[in-house]
Amino acid sequence: MIYLNSHTWYSLRYGTFSEEELCVLARENGVKNLAVTDINSSTACLQFSKIAPQYGIKPLVGIDFRNGNRQLYVGIAKTNQGYKNLNDFLSVHLHKKTDFPEEAPNLEGCYFIYPFKEVLRRNKTTFKTNEFIGISIESIRKLKFSSYKSYTDKLVFQQPVSIRNKRDYNAHRLLRAIDLNIVLSKLPKEEQADFTDRIYTEEEVKLAFTDFESILENTKRLAENCKVNFEFGSNLNKNLQTYFGTKEEDAEEIRKLVKKKLLYRYPNPSFSTLRRVIKELQAIINLGFVSYFLINLDIIEYAKSKNYPYIGRGSGANSVIAYILGITNVDPIELDLYFERFINPNRSSPPDFDLDFSWKDRNDITRYIFERFPNTALMGTYVTFKRRAVARELGKVFGLPKANIDKISARYFKFEQLDKLEKLVIRYSRYIQGFPNYRSVHSGGILILEKPVHNFAATFLPPKNFATIQIDMHIAENVGIHKFDILAQRGLPKITDAIEIIKENQPNVELIDIDEVNQFKEDPKINNLLKTGDCMGVFYVESPAMRGLLTKLQTDNYLNLVAASSIIRPGVSSGGMKAEYIKRHRNPEKRKEAHPVLYEIMPDTYGVMVYQEDVMKVAHFFARLGLDDADVLRRGMSGKKTAKGQMEKLENKFRKNCRVLGYDEELIESVWTQISSFAGYAFPKGHSASYAVESYQSLYLKCYFPLEFMVAVLNNGGGFYSVETYLQEIRNCGGKVQAPDINKSEHSTIIEGENIYLGLGYLKELESKTIQRILENRNFFGLFNSLEDFIDRVKISLEQIRILIRINAFRFTGKDKHNLLWKALFILEKNKSYTNQEKLFKSQSTEFQLPTFEHSYLTDAYDQLELLGFHLIHPFKMLKHKIETRTRANNFKNYIGKTVVIYGYLICIKRTRTSNNRMMYFGTFYDYEFGVFDTVHFPNITNRYPVHGKGIYKCTGKVTDEFNYLSLQLHSIYKMPIKNDPRFVSQY
């Protein structure tokens, strides 16, 4: 049997099963020819074409073109060119967001099938050579009484396949209701599939078409004429093959560049360095990866021409050629990084560079890549239905009250106590969980291909207007499409912005070149920040967990920081290797407990596996696997694709070699278990080293220019902590935080000397156009000298000026904000006609005699809370009652092992689950003098004493010391009441 109109779950919010499940269904029903034709999508075509032959099915590929849910025609690719043409046609309409024409386009290498219902609706009587009328099981009865039964050569069997059974049909209807955002009872018939849209047995089809056997013959001929072939395999590479046009030119260019730049990186290269350079060059050229290096270098050179900061990282940091060319800034020889981790003869996929740019610059980098290289697209991805989210959606579809939906979504229920509809929500949320929900864009993947992107799939156009392929990276890799990683981060612009702010605020100061990282590595003041965990705002090392780790390790050098960046990862922690590394690092005697062979292999990490490369080292030196095999083992352990059966062979080889070397079974099993549990979650050493370089750059700025650095942090979206926390860090560094000021503030935060003025953009309800008017007027006509002057010059509503007055932005006038509010009300109510034209004569405002208003710091604090989301006063001034103790975090060293009571203002709380799935917390607090302390809330404490958001808490617990890292193991924690809002007593 032949089916020409099948849907997978990539017919989003319509289909109900995967490509593989479709193949299983087809095989069970004896289907030998099957076309995947998803609705306005070619996502499933590649994966389906790969797996269908394994089920004895000839795969056909096409697209079901619809406007809304109205099926116009189904396009089937006759050839690979036809498949590309279908993708071209689909992509044009997806990009422009326009409806498809009712008449199918004239595309070479394609068949088009009009469903019988559409033919009848349009009374279509003329058909091109490649156009047919689709007859389903349902429509065959109508055909018998229609004039179209005489169109013998144009009739084909077109049975839609969207469901398998009643459960699928119910799920389909629920998906359609979610898509349309309506309750199920209001789902229109025309917006859903028919229950008959499924596969029938061969006997059922033949019986239905007894009088129309020619239809089945026509369908068979059509299927036989379709020959679309995709190449699949691990050795494929469909990326741009050459940079200059020929591989010879590319090879000559990379040799010249390496020769030219070698002495800059290595002024006096050793013989071993030169030998490695030659070895790498030969491997890169022989494996055909030269174009990959030259393309990445091209992107980097463009960034440099624009003075865009960047970081090259990933396994690319293991390449000395990448270091010499300037793609990365990590010396792999200094760090003993294996080139085989990056490229080896067993690796068919291109090398992996991750290029990080500022979040401000990445769009321009992406634009450049699209203009520079012809066959380019962003990598797509699919966001799937998550259990809680789909439960919430289904609750709405069934019309449940919000309280019931919240209960189900939060999982606060016992299944047997739910009503019938609630149980249906649970059952179908479990069924739909994992279905693709909507298309999105991969976080950083860009395709630069040798041939047109539409050879593989259609593209859509997300909001940033860069064409994005409809397949994800896993499907893409099946046909040899390997992404370039162009990523964005906020750490880099913090550095560049801080430098600009320093030059403006301290024009005479002498700045060290930010690329002189070696100078920073040797600076004891900078290293002391690491040692004490004083890293707030610093890229990658500011979180409480990292601050604690740095303190435990007493980190005071670059290599130590590189190790810490990897130790923090889950694989190292969960395997117990983090604790073991800390013990051996702090206590040299503990290093003797390491196995002699492992200690000899990894002396820098005391015989503990810390980096991904350590898997290679252990496999190579401990089990005597070749470096190529060792990297394949590392990749397999990391979840990367390897050849079928390859991992089993390598495990057997690993164990066999270990036995030959005389290791006992217990040791072999222990080392193998460590590798298995660790490799998938560890960082490559080069990756950690790249991050450590950026951390040192940030540390230099924080150490010597803390105020300017923290302003740059704020203006780039902060980081791990809240705005309020970064503002307190500014105060801790001697800065004076000022509320927005109409004559000082810009849209973002600025610094003048030691004064930091919050940006007008922090005022949540202040409109962008209002800010723009204020700043433009001030820039053109100078500072405002009074409230009246401001109102005369800036078009503003009473609601908007009320925000500015309440935040005290007119404090330069010296007048109470209550008086200013009344004055603004009188002036704006009197003159409601606005003009953008400057007034020639300013009218004299009338002075009114107003009563004296009561004012307090609490009024300001509550206004700030409402308008900014945080207040600017000392948090302990908000307390309703006096605190009973003045215990400070810096006194913990005097109370180790003892119980103390301390009051803390919550900075952040991390919720996590124990191995037995119980909830526990890790908290971070400020004490009265803004010293930071951390708390541990074990599950029994978490259950008895929940933490309810921001505020001051009375914390009682035992001070614990773990390698000089002091924290509080809580016995109890209570949130303290604060003073009432005075505005509700006396409003203005």
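Asn465 sits in the loop that joins β13 (459-460) to β14 (468-469). In this predicted model, Asn465 has a positive phi of about 65 degrees, although it is not a glycine. Most residues other than glycine have a negative phi. With a relative accessibility of 54%, Asn465 counts as exposed.

Asn964 counts as partly exposed, at 45% relative accessibility.

The next part concerns a sheet. Eight strands form an open sheet in the order β7-β6-β5-β4-β3-β2-β1-β8, and their pairing is mixed. β7 (155-157) and β8 (160-161) stand at the edges with a single partner strand each, so one side of each has no neighbour in the sheet. Within the sheet, β3 (residues 58-67) pairs with β4 (residues 70-77) in the antiparallel sense over 6 bridges. In this pairing, Ile63 stands opposite Gly75 in β4.

Two helices lie across strands of this sheet. Helix α3 (residues 80-96) lies across β3, β4 and β5 (110-115), and runs at about 20 degrees to β3. Helix α8 (residues 213-224) lies across β1 (2-6), β2 (33-39), β3, β5, β6 (131-135) and β7, running at about 80 degrees to β7.

Apart from neighbours within four places in sequence, Lys702 is in contact with Asp534, Cys535, Met536, Val538, Phe709, Met710 and Glu729.

Key: Residues are numbered from 1 along each chain as its sequence is written. This is a predicted model: local features need pLDDT of at least 70, side-chain atom pairs count only at pLDDT 80 or more; totals for chains, interfaces and linings use all residues. Side-chain values use heavy atoms; hydrogens and water are left out. Two strands pair if DSSP finds at least two bridges between them. Helices (H or I, at least four residues) and strands (E, at least two) are DSSP runs, numbered from the N terminus. Contact means heavy atoms within 4.5 Å. Axes are lines fitted to C-alpha atoms, for helices over the stretch in contact, and angles run from 0 to 180 degrees between N-to-C directions. Buried means under 20% relative accessible area, exposed over 50%, partly exposed in between (1.4 Å probe, protein chains only).
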